[in-house]
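Below are some notes for a colleague who will be working from the coordinates. Please read them alongside the structure.

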Amino acid sequence: MTAPRPNSLLCELTYRCNLQCPYCYNPLDLQSYRQELTTAEWKRVLDEAVGMGVVQAGFSGGEPTLRDDLPELIAHASKAGLYTNLITQGTFLDDAKLDALLGAGLDHIQISIQAPTEELADRIAGTHVHAKKEDAIDRVARRDVALTLNCVLHRGNHDQIGEVIAFAERHGITKLELANVQFYGWAYRNRAGLLPTRAQVEHALEVVAEARERLAGKMRIAYVLPDYFGGRPKPCMNGWGQAFLTVTPDGRVLPCPAAAGIKTLTFDRVQDRPLGEIWESSDAFVAYRGTAWMPEPCRSCDRKEIDWGGCRCQAFLLTSDAGKTDPTCELSPEHETVIAALGVESDTPLVPRRMKSLV
Amino acid sequence: MRLHKDTDGTMLLLVPEGILRLNDTAAETLALVDGERSVDAIVDALGARYAVPRAELGRDVEDLIERLTLRGYLTS
């Protein structure tokens, strides 16, 4: 089978981060990623991606602004014609850093907040950062760059969704992303304490519908339903190895940012093989590309090229087999395991994301 | 947002974490959007190239600009 052309590359520059959000999708074994790619290696990755037809580059982490070469990498990507997106928690965006990033040609910044109020936000982040973020948001909003505000929702902040929208309005945000936590990495570890209740999700849908109507033309609001409530799975990454690739801090190439969680696959590294070759023919990319790997009920499903069997990482986490139908699909024979999880609410303390040996 | 010529010659509109594939007329219209030209001037420029009634061109251009503005990609 010939590989389709990728259009987006996510560069996870580092997994270092000064925050300890328990909903992080990064892997639990953060310390095994401490050997980070060099500036020259990242530039080569960007060049190879452009040669493969990629037009969008995301810079993420961890916290990507902890890499001093971030402006240099953005300048390199931008000169090569890539549209550049920075996904940051914003605590290091002082004026000098912003000048450097915008001077490099950065097109879009996404800043995340943990909650609309300082006390709750700082509790979730595990450190005092909310005030700094609020300041960064205002500074970016005054600049000539696209800005998205993001807030990851979970049981501990879902009821503040109206206040998140009000926060966005106060700060003149035109694009707000209310993203329900996705259960990978640390978030999966903390799932019992993070999963929103059905009542919370229903309430949120009402609040969002009202706000969308009231703010039409001023603010666009995306509300991403939690997978476990959707009925049908999300078309994860628009299909495994169809359009999107991620490179981890240590050079592993993944079809999805959470794919390292699939312990039955090995992922080739950009230090060992050209990116294009990894995309086209490495075992991990070929494993679940297209529809030939699909079991029933996917195989005969009329949505098989719409949702692509859902999420491989989720299938692995919930059934120990990445080749099964995503159990969040109501047609999956394993759907019961997901429904069972919805009944589990626990007061078990959340485990904060920690670098262990790194920080 | 940024206009980008794809390898097959199609024009792409690159927006935050998204890609819109443009048809030829949309691409030509957006190539004229520079923050200086008025909508009228854009319609005039297109009118000089196409044998389409001005009123129809005007409607199409306004429709395109309105849709992109609603999605937050253009500001007036």
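The numbered points that follow concern a predicted model.

1. Sheet in chain B. Three strands of chain B form an open sheet in the order β1-β2-β3, and the pairing is antiparallel. The edge positions are taken by β1 (2-5) and β3 (18-21) of chain B; each has a single partner strand, so one side of each is left without a neighbour in the sheet. Averaged over the sheet and with direction ignored, neighbouring strands are turned by 30 degrees against each other.

2. Pairing of β2 and β3 in chain B. Strand β2 of chain B covers residues 11-15 and pairs with β3(B) in the antiparallel sense, over four bridges. For B:L14, the bridge partner in β3(B) is B:I19.

3. Contact between the chains. Chain A contributes 16 residues to the contact and chain B contributes eleven residues. On the side of chain A that touches chain B, at least two residues come from each of the strands β2 (56-60), β3 (83-88) and β5 (146-153) of chain A. Sorted by class, that side of chain A holds ten polar, three nonpolar and three charged residues.

4. Helix packing in chain A. Two packed helices are described by the angle between their axes and the distance between the axes. Here, helix α1 (residues 39-52) of chain A packs with helix α2 (residues 70-79) of chain A at an angle of about 20 degrees, and the axes are 10 Å apart. Angles under 35 degrees count as roughly parallel, and α1(A) and α2(A) are therefore roughly parallel to each other. The crossing of α1(A) with α2(A) is right-handed.

5. Residues of that helix contact. From α1(A), the contact is made by A:T39, A:W42, A:K43 and A:L46, and from α2(A) by A:E72, A:L73, A:H76 and A:A77. Divided by class, the residues of the contact of α1(A) with α2(A) are four nonpolar, two polar and two charged.

6. A:I339. Is A:I339 buried or exposed? The residue A:I339 lies in helix α13 (residues 335-342) of chain A. A residue is exposed if 12 or fewer other C-beta atoms lie within 10 Å of its own; A:I339 has 12 C-beta neighbours inside 10 Å and therefore counts as exposed. Between A:I339 and A:P327 the separation is twelve residues in sequence and 9.3 Å in space, C-alpha to C-alpha.

Note on methods
Residues numbered from 1 in each chain as written. Chains lettered and ligands numbered in written order. Predicted model: local features only at pLDDT ≥ 70, side-chain atom pairs only at ≥ 80, totals over all residues. Pairing = 2+ DSSP bridges. Axes fitted to C-alpha atoms, helices over the stretch in contact; angles between N-to-C directions. Contact = placed C-beta atoms within 7 Å. Nonpolar A, V, L, I, M, F, W, Y, C, P; charged D, E, K, R; others polar. Parallel < 35°, antiparallel > 145°, perpendicular 65-115°, else oblique. Left-handed = near helix turned anticlockwise from the far one by under 90°. Buried ≥ 20, exposed ≤ 12 C-beta atoms within 10 Å, placed from the backbone.
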